[in-house]
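I looked up a few places along the chains and wrote down what I found.

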Amino acid sequence: MSDSTSSSPSPTDPRPAPGGLAGGADSMGDQALQTLHAKLLRDKEEPNEGFSLIPIFLIFLGCVLVYVNGIYLATHSGAFHGDVFNDHWVPGGNGPAVLDMNKLGARVFKDNCATCHQPDGMGKEGAYPPLAGSPWPVGNPARAIKIILAGMSGPITVLGHSVPNGAMTPVGATLPDLQIAAVLTYVRDTWGNNDTEVDPALVSQIRADLGKRGPWTPEEILQIHPLGDYKPPAPPAPPAATDAPAPAAASAAK
Amino acid sequence: MCPCESLVKEVDPRTDSTQSEPVLLGQIDASLRGPVALFFWKALGWLLVGTVLALISAIKLANPEFLAGHEFLTYGRVFAAAMDSLIYGWGCQAAFAVALWLMARLCRTQVKHLGVLYVAWAFWNLAVFWGVVDIFLAGPTSMPGLDLPPQAAPLMGFSYVMIAMWAVLCFHYRAPGPVYVSQWFLLAALLLFPWIGFTAEWAIFFAPARGVVQSLVNVWYVNSLLWLWFAPVALAVIYYLLPKILGRPIFGYYLSVMVFWTLIAFGGWAGPHYLVYGPVPAWVQSVGIVGNVMLVVPVLVASLNLLITAARNPQDVWQSPVLRFAVFGALALAFAGFIGAWASSRDIGLVVNLTQFTLGHALNLFYAFFSMAMFAAMYYIIPRVLGREWPSAILIKTHFWSSALGSAALVFALYFFGWRQGMAMDNPEVDFISIVKAGGFLNEVRITAVALIAIGQLVLMVNFGWMAAGAVCECGCSCLARLGLFPAGGKAR
Amino acid sequence: MKNLSVLYCGILAVLIAPWCGLILASNVQYGGLQPGATEDGDPVYPKPASGIAEQGRQVYIEMGCVYCHTQQPRPASAEVMLVQTVKTKEGPKIEPVFLSPDIARAWAKRGAVARDYIYQSRPLLGFMRIGPDLADVGAHPIAAADSDWLYLHLYDPQIKSPGSVMPPFRFLFTLQKIGDQPTPAALKLPDSEPLRAPAGYEIVPTGRAKALVAYLRSLNMDYELPEVAYP
């Protein structure tokens, strides 16, 4: 369509005056537009250097994208389960995601214990006993679990540090069993301490057996679980191949 | 004649194909004058309203005490009102005007019974107005993109049907001959929009799904709005304007089939990338990521088609204001498509999801691509429909530069600062309040960019108003002259 | 395009495919979840919200809080608490199953899953974190311990978080003359607060403020579900 073919348009002529702003005279009429492009659909451009590669490149790109995305979709979709939210989940392929009790214990310790026992486990002279190298958390875990659950109050001497008015609140009364087991595992594995992991099931059992009670005195608890029962544990087995994690860790994973 | 036949005859938009093309197209332009002009006029009004509200919300982010005493002006309401004014007031109405005009033109059909369109226009604007006022008075629905009260939806749906059915009828009764790619884009958009709107309103408000399924529908809706409604309309416009004005065919036109099918095939799946690491199963997140990455194909091919066509005629593109807007839009699409594909992966999504980055991506698509294409369409269509020229070239240039610079600045700032915000949020050592304070410079850039954009739109409104006033005067004068009330011999122009 | 039926069928197909594959499939798979318990006999979670918390939820929606705050803590912790034995070419390795830092920030104790939202008539996931994630704010030590913190923060966020961009919600409070005795619920504003009540007056939360705070304090993800345990 060439708008300039007509003479000066009448006032009611809706066509825009030629040479106007914003587009002005069209260089191609609508019919020509449609017919020309329909031809182009059938006859592609004459092959020129470089341009004929485009469709091949696009096909290649399309195939690569479909392939890569297909593999991604197949491997990162948790086998299309409705209750799998972690894309790394592979049914039966990798071992179960298990809890690193040490790391959890470190966090629980930082949040609940470090204010008194200090982040380095050294306690405070005259106020809070140390845990580093102390015989209390190692050995039979039941001792420490009972103290955490019910608290302890009374004078105590640990590694030469005397704490005349020791008073530990029952910190574990509001903590889940898993976290108590984790923090004890952590304490038993840090600052030079070396003892086995603690099973959350043991914590549950002790909590149930203990019921509600007031804080222990040091004599009371030592009568049930005397110190000096520490035995250095056997060196840890190498990590299992795929499907046999340590039993304690497996039960912790729930 | 049976009622069906007479109804069909009433709505049949076919025109007399024996007429010469200029006359025929002139008739079509003249016939659509009222509805197209009204839709564009109202769309511009809502655009200005939405941009001013966006400016207010940007200022509130920098200074929380700004306009802080009143409940109806609290940040959440202003932001929601801004978003929905822009989407439903500006975006949808501009798309309606373009779809009607372009479809009628390319099908060489003439829409009859314009009264229906006027009624639909009135109802749509009424619904959006009431909805936005309701956001201020009663609060948003808090589902992003769907903040208008659900009671407005049936009215909007009814208006939509009244509008879209004409465009679809035009296509159905099109003049014999080849079909151009713009027509496919428009047809697909017009058929897909009511479905996504209906599903979203139904599954979220009228028969709410349980729990996060609503959120999934919400992100699917917002994404489909961008890729299956706004993007095809904008592509239809750019694919039409480039060869029309340059006088040359689209480069590699046979590939546009690929653009069409891959866009609408993959566009609907890309929604869940907003929910990566969110409370939806892993497969939903992966599907969203795959959808986004596959969108690279239509974006790449459309860029090949459009940008190479433009690059072969740089002088002509630069000199035509219409094409400047159109090519800017095409560049923005390319940018948005590639950035979106990159940012949707889990590793990057961990950084950028839930930050300003996602807002930047949405604005990249909605403003820098769709809106700029709509501006190109306005500058092209309105002179033809009103039969006048734009009064001022300076205002057009001002509008282009302020929109281009403003939207580029806004989008880049949101991307860049969103990235930094994400990196800081992913580092638990960094205190949250210092992340908030670090956003200070972004706020300033955002306010400046939005203000610049608002100035451009004001300029466009002035230009349009000036032109429309002239058209109304002319129309009024010629009416009066016909009635004999205007002194004979007076110029009717 | 020669064959129009191909076009129409194609458009229909691309409409139906994500609708079925994403939305319908999601609705079928997790659109009918019931509360769950980690083991037999354990209490089921989540619990439906109670009266005043539901009213507060409406206030949260009306204020548009969702445009700055999210309620979707992302899973696992940057402190890498989950490990997994993974098959690699060099043999089995213990590798971290890592993800987001939301837990290290104490925004929650675990990532959110679909079942957490089943009793929310409109899930308020949010999409931008201009403010912190609120899904577990009721269990946050500060909010749990100090009931005034949330009221003060709503009245003037600058009191507790100087430099915050959160808007003040003073319109959720009223100024009233002190009667025989100050109301227990009256805000105890610090001396430096520029918007203190004048002498003889007190600032009291309205019912909406109380509902909103009750809602925030009810936001609690402090329970485990079969598909997700604490890390």
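Entry 1. I keep in mind that this is a predicted model. I began at A:Gly151, which has a positive phi of about 80° and comes just after α5(A).

Entry 2. I then went back to the helix itself. How many of the residues of α5 of chain A are buried? The helix covers residues 141-150, and nine of its 10 residues are buried, so I noted α5(A) as mostly covered. The buried ones are A:Pro141, A:Arg143, A:Ala144, A:Ile145, A:Lys146, A:Ile147, A:Ile148, A:Leu149 and A:Ala150.

Entry 3. What covers the buried residues of α5(A)? I found that the cover includes two strands of chain A, β2 (152-153) and β5 (167-168). It also includes the helices α6 (177-187), α7 (200-210) and α8 (218-224) of chain A.

Entry 4. I moved to chain B and looked up B:His113. Its phi is near 50°, a positive value, and the residue is not a glycine. I located B:His113 in the loop between α4 (75-107) and α5 (114-138) of chain B. Is B:His113 buried or exposed? I counted it as exposed because it has 11 C-beta neighbours inside 10 Å, and a residue with 12 or fewer is exposed.

Entry 5. I looked up B:Leu354 next. This residue is not a glycine either, yet its phi is positive, about 65°. B:Leu354 lies in the loop between α14 (346-352) and α15 (356-386) of chain B. Is B:Leu354 buried or exposed? With 29 C-beta neighbours inside 10 Å, B:Leu354 counts as buried, because the cut-off for buried is 20 or more.

Entry 6. In chain C I checked a peptide bond. The bond that joins C:Tyr45 and C:Pro46 is cis, with omega at about -5°. I placed C:Pro46 in the loop between α1 and α2 of chain C.

Entry 7. I finished with the contact of chains C and B. It takes 59 residues from chain C and 63 residues from chain B. On the side of chain C that touches chain B, the elements that give two or more residues are α1 (4-30) and α2 (51-62) of chain C. The largest share of that side comes from α1(C), with 13 residues. I also noted the classes on this side of chain C: 38 nonpolar, 14 polar and seven charged residues.

Key: Residues numbered from 1 in each chain as written. Chains lettered and ligands numbered in written order. Predicted model: local features only at pLDDT ≥ 70, side-chain atom pairs only at ≥ 80, totals over all residues. Contact = placed C-beta atoms within 7 Å. Helix = DSSP H or I, 4+ residues; strand = E, 2+ residues; numbered from the N terminus. Nonpolar A, V, L, I, M, F, W, Y, C, P; charged D, E, K, R; others polar.
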